Amino acid sequence: MNKSAVDESAAVRAPIVEVVAETGQHIEPPPPEVIEPDPELSPAEAEQARKDYLLTRFWISAKGFWGNDGDRLAWAFSIGLLLLIVTNIGFQYGINVWNRAIFDAIEKRDAASVWHLTGVFFPLAIGSVLLGVGQVNVRMWLQRRWRAWLTNAVVSRWLTSGRYYQLNLVGGDHQNPEYRIAEDLRIATDSPVDFVAGVVSAFLSATTFIVVLWTIGGALTLSYGATVVTIPGFLVIAAVLYAGIASGSIMTIGRAFVQTSEDKNQAEAEYRYALTRVRENGESIALLGGEEEERAGIDKTFANVLRQWARLAGQHMRTTLVSQGSSLIAPVVPLLLCAPKFLDGSMSLGQVMQAASAFTIVQAAFGWLVDNYPRLADWNACARRIASLMMSLDGLERAERGDGIGRIQRGVTSGDTMLSLHDLSVTLDDGTAVVGEAEVAIEAGERLLVAGESGTGKSTLVRAIAGLWPWGGGSVNFHADRRLFMLPQKPYVPSGTLPRAAAYPAAAEDWSVEEIGEALDKVGLGHLKEKIEEDAPWDQTLSGGEKQRLAFARLFLHHPDIIVLDEATSALDAKSQDQMMELLTQQLPDATVVSVAHRAELEAFHSRKIVLERRKGGAKLVSDIELVPRKGKRKLLGRFLRGRQAV
């Protein structure tokens with residue numbers, strides 16, 4: 001079992017303790033501890049233990065809504081909802097008593113009482129309706145606020161320290177996190193409020209109207225020859241037996257509902273992801289003529305969606321058979337049971353109708369599970385999916401705290417050194433070495449080119465320098481108060497206007513339109529200035545080369561101290577590449593640059609080159625070449641390499 005599986009199979013039962021700083025400010029508690037699963041468990045038992053723990057993990061975070069760091073009105077509205085439910089039950093009881101009185105008056109042909117009771121009914125009905133409306137409002141307020149609170153907590157953890165990127169690099173059950181956050185988290189917070197309100201209402205209704213049934217129905221005496229059998233509270237016993245049979249049937253029929261709902265949600269997420277991929281990569285697909293292949297992939301994914309929905313439809317059909325049959329039979333049962341006592345004169349018509357109404361209410365209360373089991377199963381599946389994402393984030397957070405596999409440390413340099421790699425090793429999340437024994441010191445203003453064959457880990461090393469790749473050992477150290485800016489091979493272009501795209505990740509308002517226009521002119525995008533205020537899908541309309549030019553414009557606006565270029569000119573022709581690099585030298589002459597590139601002609605724009613070579617146990621830095629001779633001492637890597645050669 002791999003580490004992620006161990007994490008998810010953990011059965012942690014220890015409570016999460018609130019941690020408060022000396023200032024009184026709430027501190028986010030650490031993720032739950034990892035406990036190794038019982039080695040004696042079979043694979044099926046280990047999987048069940050994992051699923052059982054997922055609900056526990058969901059509640060560890062979700063209950064914080066009512067904690068010290070939760071919503072300040074959460075308890076007030078929760079108590080308010082409870083009071084509305086209790087009051088509404090009181091109005092239901094009043095209407096039940098009114099039923100008895102009105103039918104007794106009709107049976108006696110008492111016109112005065114009928115007209116009086118007609119006037120009484122409207123305040124009862126209006127009050128019940130208003131309470132129902134208020135109950136819905138408060139319930140949905142709780143659902144909305146709880147979802148907002150928990151979404152904020154999950155998204156904050158997801159976006160912290162590049163975890164949204166690191167999730168793509170580690171194993172675990174966290175596929176399609178955007179669907180889990182948007183859809184699964186909505187259901188996971190909506191349904192529990194409905195369930196709690198439903199359970200409280202059902203319990204109070206059952207308690208109240210069982211007393212009514214017991215009082216009105218009394219005992220039923222049955223005679224069989226010389227044998228006389230008396231059944232006390234026969235209506236209550238009948239209601240409990242009827243509900244038990246219906247609930248037991250639905251539990252038996254719908255036992256596979258949870259897994260079916262979970263499979264359906266996963267299929268929907270995969271289908272949505274497949275469609276999103278086509279939209280995001282539309283240009284490449286269109287240029288390659290890959291529509292048929294994409295259609296085949298989409299059809300296959302959609303076929304799985306339909307297959308899972310067919311399975312879910314089968315579950316719904318079986319549960320509907322029970323629930324629909326139960327709802328049809330329930331109103332008839334009390335009439336048949338009360339008929340003998342009405343016919344012998346021991347029950348009035350009003351009592352029969354009151355008993356029938358109370359029986360129906362009790363049956364509905366006991367049958368709450370029958371009506372809500374499909375939603376309960378859907379909630380179970382959604383809560384597990386969002387909990388799986390939480391557990392993957394837990395694993396990344398534990399790694400950041402130094403638990404388990406090694407982490408690259410971030411430090412501060414001294415003197416003229418702007419950036420240094422001290423005993424740096426870069427590994428995969430399972431500990432497999434990618435780059436090892438990197439010892440480099442880069443001075444202010446130096447321009448370093450990282451070269452090597454494809455697959456030697458150059459881009460991974462650059463991501464480690466930028467802080468995106470956390471696994472490994474040693475340290476990456478920066479000069480204090482210096483800003484780092486990275487240009488990836490595929491620049492991100494946000495939606496909106498060109499100023500927003502050029503200013504990203506800062507706000508477009510930080511620069512004037514004229515300043516942004518000048519930056520676009522410098523990088524050869526002056527023809528776009530006439531559309532500078534146009535809100536358009538620039539990510540789809542700009543070519544790869546234009547996106548890289550836009551990234552350089554972004555660089556010149558931000559004016560950073562340390563620049564990391566990862567194949568940042570790969571989409572440009574040789575002449576355009578030279579123009580961008582010359583412009584970089586002119587605009588930011590004092591910046592420290594670290595570049596990863598394959599083109600040999602880029603050496604002309606760098607003062608130093610180090611070479612990565614694939615070796616057993618991870619790639620090694622094998623040479624340090626000064627492309628432009630500099631006065632003073634040789635760099636640390638050069639001394640390190642000569643020392644190794646001497647040995």
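This is a predicted model: local features need pLDDT of at least 70, side-chain atom pairs count only at pLDDT 80 or more; totals for chains, interfaces and linings use all residues.
Helix H6 covers residues 177-217. With 41 residues at 1.5 Å a residue, H6 should span 60 Å, and its end C-alpha atoms are 56 Å apart, which agrees. Try to find Asp184 along the way: H6 bends there by about 35°.

## A buried asparagine

Now turn to helix H8, residues 257-280, where you will find Asn265. Is Asn265 buried or exposed? Asn265 counts as buried because its relative accessibility is 2%, and the cut-off for buried is under 20%.

Leaving aside residues up to four places away in sequence, Asn265 touches Tyr179, Asp184, Asp378, Ala381, Cys382 and Arg385.

## A six-stranded sheet

Six strands form an open sheet with mixed pairing, in the order E10-E11-E12-E8-E13-E14. At the edges stand E10 (484-487) and E14 (620-626); each has a single partner strand, so one side of each is left without a neighbour in the sheet. On average, neighbouring strands here are turned by 15° against each other, direction ignored.

Look at strand E13, residues 608-613: six bridges join E13 to E14, and the two run antiparallel. Within this pair, Lys609 stands opposite Ile625 in E14.

Helix H19 (residues 574-587) packs on the sheet and touches strands E8, E11 and E12. The direction of H19 makes about 170° with that of E11.

Conventions:
Residues are numbered from 1 along each chain as its sequence is written. Side-chain values use heavy atoms; hydrogens and water are left out. Helices (H or I, at least four residues) and strands (E, at least two) are DSSP runs, numbered from the N terminus. Buried means under 20% relative accessible area, exposed over 50%, partly exposed in between (1.4 Å probe, protein chains only). Contact means heavy atoms within 4.5 Å. Two strands pair if DSSP finds at least two bridges between them. Axes are lines fitted to C-alpha atoms, for helices over the stretch in contact, and angles run from 0 to 180 degrees between N-to-C directions. The expected span of a helix is 1.5 Å times one less than its number of residues. The bend at a residue is the angle between axes fitted to the seven residues ending there and the seven starting there.
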